[in-house]
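Please keep the sequence and the structure in view while reading.

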Amino acid sequence: MSKKINIIPALSKHLFWDTDPNTIHPEKHSKYIISNVLQYGNYSDWKTLVAYYGLEQIVKTAQTIKNLDKRTASFLSVMGDIPKTNFQCYSTTPSSLKHWFF
């Protein structure tokens with residue numbers, strides 16, 4: 001995919017449930033797009049993301065996502081050949097406690 005083509009129409013519609021997809025700019029909102037695909041996307045969305053942004057940019061951006069789940073961070077750690085501790089989700093503790101499971 002060329003960076004001149006808008007990536008948004010190629011991604012699943014459910015990824016942008018909280019905003020109007022027509023207002024999303026692929027370069028300005030790359031962190032938002034990458035975060036949503038990593039957390040809620042399917043394999044087709046992943047392939048589209050890698051084709052558009054490249055693995056290096058995805059891993060670099062994912063390192064700054066504080067609420068990224070640890071499984072995704074572990075996957076990207078292996079894919080990018082970097083330590084898991086480079087991801088903010090491993091070094092940042094959540095401000096609110098999770099619910100207890102009984």
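Q39 is located in helix α1 of what is a predicted model. With a relative accessible area of 23%, Q39 counts as partly exposed, because the partly exposed class lies between the buried limit of under 20% and the exposed limit of over 50%. The side chain of Q39 forms a polar contact with the side chain of S35, at 2.7 Å. Beyond its neighbours within four places in sequence, Q39 is in contact with I65, N67, L68 and D69. One of these residues, D69, stands 30 residues from Q39 along the chain, yet the two C-alpha atoms are separated by 7.5 Å.

N36 belongs to helix α1 as well. What is the relative accessibility of N36, and is the residue buried or exposed? The value is 6%, so N36 counts as buried, since buried means under 20%. When neighbours within four places in sequence are left aside, the contacts of N36 are L15, F16, W17 and G41. A polar atom of the N36 side chain lies 2.6 Å from the backbone oxygen of L15. In sequence N36 and L15 are 21 residues apart, while their C-alpha atoms are 5.9 Å apart in space.

Several residues of α1 are buried, namely S30, I33, I34, S35, N36, V37 and L38. The cover over these buried residues includes α2, α3 and α4.

Two packed helices are described by the angle between their axes and by the distance between the axes. Helix α1 comprises residues 30-40 and helix α3 comprises residues 55-62; their axes come within 10 Å and cross at roughly 90°. The two helices are therefore roughly perpendicular to each other, because angles from 65 to 115 degrees fall in that class. On the α1 side, the residues that meet α3 are S30, K31, I34 and L38, and their partners in α3 are Q57, I58, T61 and A62. Sorted by class, this contact of α1 with α3 has four nonpolar, three polar and one charged residues.

**Aromatic pairs**

Four aromatic pairs are found when the whole structure is searched. Two of them are set out below.

| Pair | Centre to centre | Angle between planes | Arrangement |
|---|---|---|---|
| W46 and F75 | 5.5 Å | 70° | edge-to-face |
| Y52 and Y53 | 4.7 Å | 80° | edge-to-face |

W46 has a relative accessibility of 16% and so counts as buried, whereas F75, at 40%, counts as partly exposed. In the other pair shown, Y52 is buried at a relative accessible area of 3%, and Y53 is buried at 5%.

S77 is a residue of helix α4. Its relative accessible area is 8%, and S77 is therefore buried. If residues up to four places away in sequence are not counted, S77 touches I82, P83, K84 and F87. A polar atom of the S77 side chain lies 3.5 Å from the backbone nitrogen of K84.

Where does D81 lie? D81 is placed in the loop between α4 (70-80) and α5 (88-91). The phi angle of D81 is near 55°, which is a positive value in a residue other than glycine. D81 is exposed, with a relative accessible area of 70%, because exposed means over 50%.

**The chain as a whole**

The chain has five helices and zero strands. Read from the N terminus, its elements follow the order α-α-α-α-α. The chain has 102 residues, of which 33% count as buried. Among contacts in the chain with a separation of 6 or more, 47% are between residues 24 or more positions apart.

Notes: Residues numbered from 1 in each chain as written. Heavy atoms only, no water. Helix = DSSP H or I, 4+ residues; strand = E, 2+ residues; numbered from the N terminus. Buried < 20%, exposed > 50% of the residue type's maximum accessible area, 1.4 Å probe, protein only. Polar contact = N/O pair within 3.5 Å; in protein donor to acceptor, adjacent residues only side chain to side chain. Contact = heavy atoms within 4.5 Å. Axes fitted to C-alpha atoms, helices over the stretch in contact; angles between N-to-C directions. Parallel < 35°, antiparallel > 145°, perpendicular 65-115°, else oblique. Nonpolar A, V, L, I, M, F, W, Y, C, P; charged D, E, K, R; others polar. Phe/Tyr/Trp six-rings, centres within 6.5 Å; stacked < 30°, edge-to-face > 60°.
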